[in-house]
Amino acid sequence: MAWGGGGMGGGGGGPIMGGNAAGRGAGLPFGGIPSELQDGVDTLLADEPVHPDPDLAFSQRSSDQERKRLTLTRLLTEYPRTLIWASILVVVISIVAQLGPKLTEIAINDGMSPGHKSMLVVAVVAVVYLVAVLVTSVSQRAQVRATGRLAAWVMNDLRVKVFTHLQRLSLDFFTEEKAGVLMSRMTSDIENLQQLLQDGLWQFAIQGLTMVVITVILFLTNVRLAFITVVLILPVLILISLWFRRSSERGYDRVRDGIANVLADLSESLHGVRIVTAHNRQRHNIVHHRNVVGEYRDANNYTAQINAVYGPGTQLIGVLGQAALLAIGGNMVLHHQLSLGALVAFFLYLNRFFQPIQLLVQQYNTYQQGQASVAKLRQLLDTEPSVMESADAVELGNIRGAISFDHVDFGYDPAVPVLEDVNLRIAPGETVAFVGPTGAGKSTMAKLVTRFYDPTSGRVLIDGFDLREVTLHSLRRQLGVVPQEPFLFAGTVGDNISFARPDATTAEIEEAVVAVGLTEVIERLGDGLDTVVHERGQSLSSGERQLIALARAFLAHPRVLVLDEATSNLDLQSETKIEAALDVLLENRTAVLIAHRLSTAMRADRIVVVDEGRIVEIGSHAELVAAGGRYAEMYATWERQADLEGHRAITR
Ligand code: ADP
């Protein structure tokens, strides 16, 4: 269902569609566009670029290209032309930006010294200087654009790649605890990398190259002074920088841990505020928080101290070095071993020489964080789905819908069995209800039918095909799943109903709506099928959400339906509606029902009683009641309760 462009079939619409044509056409969540604005809107829409569906094929198995290991180099070389262009610009910037002092030397020596006074030389040098500054500036602009573009595209591809990988992974991967970690992979790790690719790496390259260029120029200017600089001053600077890097890494680790602890403690206290108050733990909490905050403060203090040593320390070394060089260089000028211009140039270069070292140390941190993020993302991308499509999986043709469990054992953790030796045959078109206590393994059996997991041993078959031998796509195309708590996605109610079949026509959607008895509900919503679902459908009642999920399943026309009955207490009216919808939905389909209410189980063709991972009874309602086993017991309890409630309702 399209948001723009009148996907809902223009002006006519069916009886259950509300809102006026204009509002619906634009997919806007209000009554429509005032007629005086219509012309403007039409003009705007006419200029809107068409966004065709990207030509994207999703396959359950990753391609060889996608399986290549993620490294920083591989990321960078994905767009070789931009990379080469950016590298050329980096070289140009590193060289051209360093021409200034050399030009100053020429101006002093050949334009301003006694005996060499020349306005022309000074003027020419000034113009060349200006050109050099312009070239540097233009190159810097081009470089920032090129690296920004490179980073944007590389990160775009990486985001899609990680997301595609997540779509492939099996359900066991997405446990509650992982969601937070995954979000941080997709946000902070990707941002670290973006920072590195956009700025960090290039600054690193420019500063490194600048140092090389300046060293060469220093040696060309005067070997003796250059030698003193490189042998005396540089090693001290490098040593102090190495010390700084090690200490600051340790310091920033402590700062990061510190802030994480502060936030964790804060969040826990806020979430648990009722329990804290109820149990008089406020004082204890404050003491604990004071300790956590104290550790964070100490960590910040530590990094401040290191910075206080490093910044002024390197400056001091620089100044001491310059003083020594001034004495030596000045002496050389006096003895005519060095020109005045060369000494000035030397000093100007010297200042520029120390700066990159400091910047390089800073950029190194960015580099390390980026590398750590690459390693974490690589680990994520290297995770294999636990339910793999076999290389020679066959397309499952149209099935009749016979399901069998053949000596199935299963455990989420193979060491802890959840299902043991389950054998069951479900005929095409049959409705089977699973009943039993919570944790018995009912949902687990259903998850094996949809191949969300594979059995540890034994086989699950559909029309005689082992599920592991067919492609996941062809299998799931013919399966419908209605979960206990239906998930509604952002979009309109219509979008949500046609979720499994986005190409469904309005007439088909309406047919589904009528079939499951949703008509009244849709009519009540302001914009009919175009009503936008907010906050995962929180504005709808749970019964209404259930009906939408049933309409979704109906529209998909699956041969086999797996339905986890909602446990939430529905009012009698909703329950009746849902039961009627189920009758329509289950007709002519094989269905596995996880029944939480015996009233639902009773309607099934057969009932399977599951307990502690084993099937303990199978039969129709009447058969099982007659047999006097577990089911009969459950039924008797249920009847007593129903009687009691009925009695209460009457006496009330
Ligand atoms: P039922 O649907 O009958 O209430 P389930 O099939 O959901 O029971 O659960 C059967 C057993 O498997 C329970 O002991 C439950 O704790 C365990 N279990 C369910 N889901 C998972 C999971 N994702 N990881 C580990 N154990 C699970």
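Analyst: Ala, Val, Leu, Ile, Met, Phe, Trp, Tyr, Cys and Pro count here as nonpolar, Asp, Glu, Lys and Arg as charged, and the others, Gly among them, as polar. The model discussed below is a predicted one.

User: How do the residues of the shell around the ligand divide into nonpolar, polar and charged?

Analyst: The residues that surround the ligand include Tyr412, Val418, Pro437, Ala440 and Tyr453, as well as Thr438, Gly439, Gly441, Ser443 and Thr444, together with Lys442 and Lys447. Because Gly is placed among the polar residues and Lys among the charged ones, the shell divides into five nonpolar, five polar and two charged.

User: Which residue stands opposite Ile403 in β4?

Analyst: Strand β1, residues 403-410, is joined by five bridges to the antiparallel strand β2, residues 419-426, where the bridge partner of Phe405 is Leu424. β1 also pairs in the antiparallel sense over five bridges with β4, residues 457-462. In β4, the residue opposite Ile403 is Ile462.

User: Which residue takes a positive phi in the hairpin of β11 and β12?

Analyst: Strands β11 (residues 606-611) and β12 (residues 614-619) pair in the antiparallel sense over five bridges, and Asp611 stands opposite Arg614 in β12. The hairpin has two residues between the strands, and the one with a positive phi, near 45 degrees, is Glu612.

User: Is Lys117 buried or exposed?

Analyst: Lys117 is found in the loop between α6 (99-112) and α7 (119-168), and its C-alpha atom is separated by 9.3 Å from that of Ala107, 10 residues apart along the chain. Because exposed means over 50% relative accessible area, Lys117, at 65% relative accessibility, counts as exposed.

User: What span does helix α5 reach from its first C-alpha to its last?

Analyst: Helix α5 covers residues 80-96, and its buried residues include Leu83, Ala86, Leu89, Val90 and Ile93. With 17 residues at 1.5 Å a residue, the expected value is 24 Å, and the span reached is close to it, at 24 Å.

Notes
Residues numbered from 1 in each chain as written. Predicted model: local features only at pLDDT ≥ 70, side-chain atom pairs only at ≥ 80, totals over all residues. Heavy atoms only, no water. Helix = DSSP H or I, 4+ residues; strand = E, 2+ residues; numbered from the N terminus. Expected span 1.5 Å × (residues − 1). Buried < 20%, exposed > 50% of the residue type's maximum accessible area, 1.4 Å probe, protein only. Near = heavy atom within 4 Å. Pairing = 2+ DSSP bridges.
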